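Thanks for coming, everyone. Let me put the model up, and then we will walk through it together.

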Amino acid sequence: MGTGHEHGHGHSKFELPDYRQWKVEGTPLENVQKKLALQGLRDPWARNEAWRYMGGFKHCDSFLGVVFKGFKWGFAAFVIAAGAEYMLDSYNKNKDH
């Protein structure tokens, strides 16, 4: 009897991405590093946070991006809720009490 972690059961070791692929240069963390360097300090963990500003994880910095973030999902939820309310309201009007 095993614990279910034997070879051949579809379980594989989770592979972490290489930490060297994340660069602080070109991110807001670069400004933080420069300000710290003026004080003689350095953030050794900045590279671990750089992934937040790259690729699909990048934050939208424009005003419209912030205002309309989640707009399509919110609008879809509104349409579904309005449709359900209209349907239920028309169903209740047809009932005689």
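Let's start with the rings. This structure holds two aromatic pairs. Phe 71 and Phe 75 make a stacked pair, with 6.1 Å from centre to centre and 20° between the planes. Keep in mind that this is a predicted model.

Where do Phe 71 and Phe 75 sit relative to each other in helix H4? They are four residues apart in helix H4, which covers residues 71–93, so about one helical turn separates them.

Phe 71 is partly exposed, at a relative accessible area of 48%. Phe 75 is also partly exposed. Its relative accessible area is 47%.

On to the other pair. Phe 75 and Phe 78 form a tilted aromatic pair. Their centres are 6.2 Å apart, and the angle between the planes is 40°. Why tilted rather than stacked? Stacked needs planes under 30 degrees apart, and edge-to-face needs over 60, so the 40° of Phe 75 and Phe 78 counts as tilted.

Phe 75 and Phe 78 both belong to helix H4. They are three residues apart, about one turn of the helix. Is Phe 78 buried or exposed? Phe 78 is exposed, with a relative accessible area of 52%. The cut-off for exposed is over 50%, so Phe 78 passes it.

Next, the whole chain. It has four helices and zero strands. Read along the sequence, the pattern is α-α-α-α. How much of the chain is buried? Of its 97 residues, 9% count as buried.

The accessible surface comes to about 9,400 Å². Carbon and sulfur atoms account for 61% of that surface. As for contacts, take those between residues at least 6 apart in sequence. Among them, 42% join residues at least 24 apart.

Now for the empty space. Rolling a probe the size of a water molecule over the atoms shows where such space is left. The largest pocket holds about 170 Å³ of space. It is lined by 13 residues, and the closest to its centre are Val 24, Gln 33, Arg 42, Pro 44 and Arg 47.

Which helix gives the most to that lining? Helix H2, residues 46–49, does, with three residues. By type, the lining of the largest pocket has six nonpolar residues, two polar and five charged.

Two more residues to look at. Find Glu 30, in helix H1. Glu 30 counts as partly exposed, at 26% relative accessibility. Leave aside its neighbours within four places in sequence, and Glu 30 is in contact with Val 24 and Glu 25. Glu 30 and Arg 47 are 17 residues apart in sequence. In space they are 9.9 Å apart, C-alpha to C-alpha.

Last stop, Thr 27. Thr 27 lies in the segment before helix H1, which spans 28–38. Its relative accessibility is 7%. Buried means under 20%, so Thr 27 counts as buried. What does Thr 27 touch, leaving aside its neighbours within four places in sequence? Thr 27 is in contact with Tyr 53 and Met 54.

That's the tour. Over to you for questions.

Terms used
Residues numbered from 1 in each chain as written. Predicted model: local features only at pLDDT ≥ 70, side-chain atom pairs only at ≥ 80, totals over all residues. Heavy atoms only, no water. Phe/Tyr/Trp six-rings, centres within 6.5 Å; stacked < 30°, edge-to-face > 60°. Helix = DSSP H or I, 4+ residues; strand = E, 2+ residues; numbered from the N terminus. Buried < 20%, exposed > 50% of the residue type's maximum accessible area, 1.4 Å probe, protein only. 1 Å grid on protein atoms, 1.4 Å probe; cavity = no way out; pocket = protein on both sides within 12 Å on 5 of 7 lines; lining within 4 Å. Points joined across faces, edges and corners; volume = space filled by probe spheres on them. Nonpolar A, V, L, I, M, F, W, Y, C, P; charged D, E, K, R; others polar. Contact = heavy atoms within 4.5 Å. Areas by Shrake-Rupley, 256 points an atom, 1.4 Å probe, with all protein chains shown as cover.
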